[in-house]
Amino acid sequence: PNGGLLYLTLVKGQCERWMCISGAERHGLMLLRRGKFCPPPSLSDKEKTYYQLRRHQSGKSFASRRAIDTTRDGESETLVFCRSCDHPLTSSSSSLDGNVGMLPWERTE
């Protein structure tokens, strides 16, 4: 099926070290947006969510990482990708719009 977005959240600097953007482009993905990681708001005890704030097998969260390391590399960022064939623009530089792929809790009124 067409459409769909891929959200990748990493500690700042990790994207460059792993060459994520060039790797994604090699596999037919296009970067739509890159911005600060914004976790969903906490839910009440009665609500359930599948979101878990942790990273890899260590169980340590991005939030913990940010609290411990306040340098530039201590923050996390989210990159939003789509398949190049699903996007109407061919130039990735012209498609970077700060609002593309924003999740409901990221939207500001």
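R83 is partly exposed at 34% relative accessibility; that class sits between buried, under 20% relative accessible area, and exposed, over 50% (1.4 Å probe, protein chains only). R83 forms a salt bridge with D86, with the closest N and O atoms 2.9 Å apart. By salt bridge I mean a side-chain nitrogen of Lys or Arg within 4 Å of a carboxyl oxygen of Asp or Glu. D86 is partly exposed too, at 24%.

A word on the source: this is a predicted model, where local features need pLDDT of at least 70, side-chain atom pairs count only at pLDDT 80 or more, and totals for chains, interfaces and linings use all residues. Residues are numbered from 1 along each chain as its sequence is written, and side-chain values use heavy atoms, leaving out hydrogens and water.

The salt bridge count is 5. Next, R34 and E77, at 2.9 Å, N to O. R34 lies in strand β2 (residues 29–36) and E77 in strand β3, so the pair ties together parts 43 residues apart in sequence. Strands (E, at least two residues) and helices (H or I, at least four) are DSSP runs, numbered from the N terminus. E77 is buried, at 6%. R34 is partly exposed, at 34%. E16, R34 and E77 are linked in a salt bridge network.

Now the core. The largest nonpolar core has 7 residues: L10, C15, C20, A24, L31, L79 and F81.

Last, M19. Its phi is near 55°, positive in a residue other than glycine. M19 lies in the loop between α1 (14–18) and α2. M19 is exposed, at 56%.

Notes
Core = buried A, V, L, I, M, F, W, Y, C linked by side-chain atoms within 4.5 Å.
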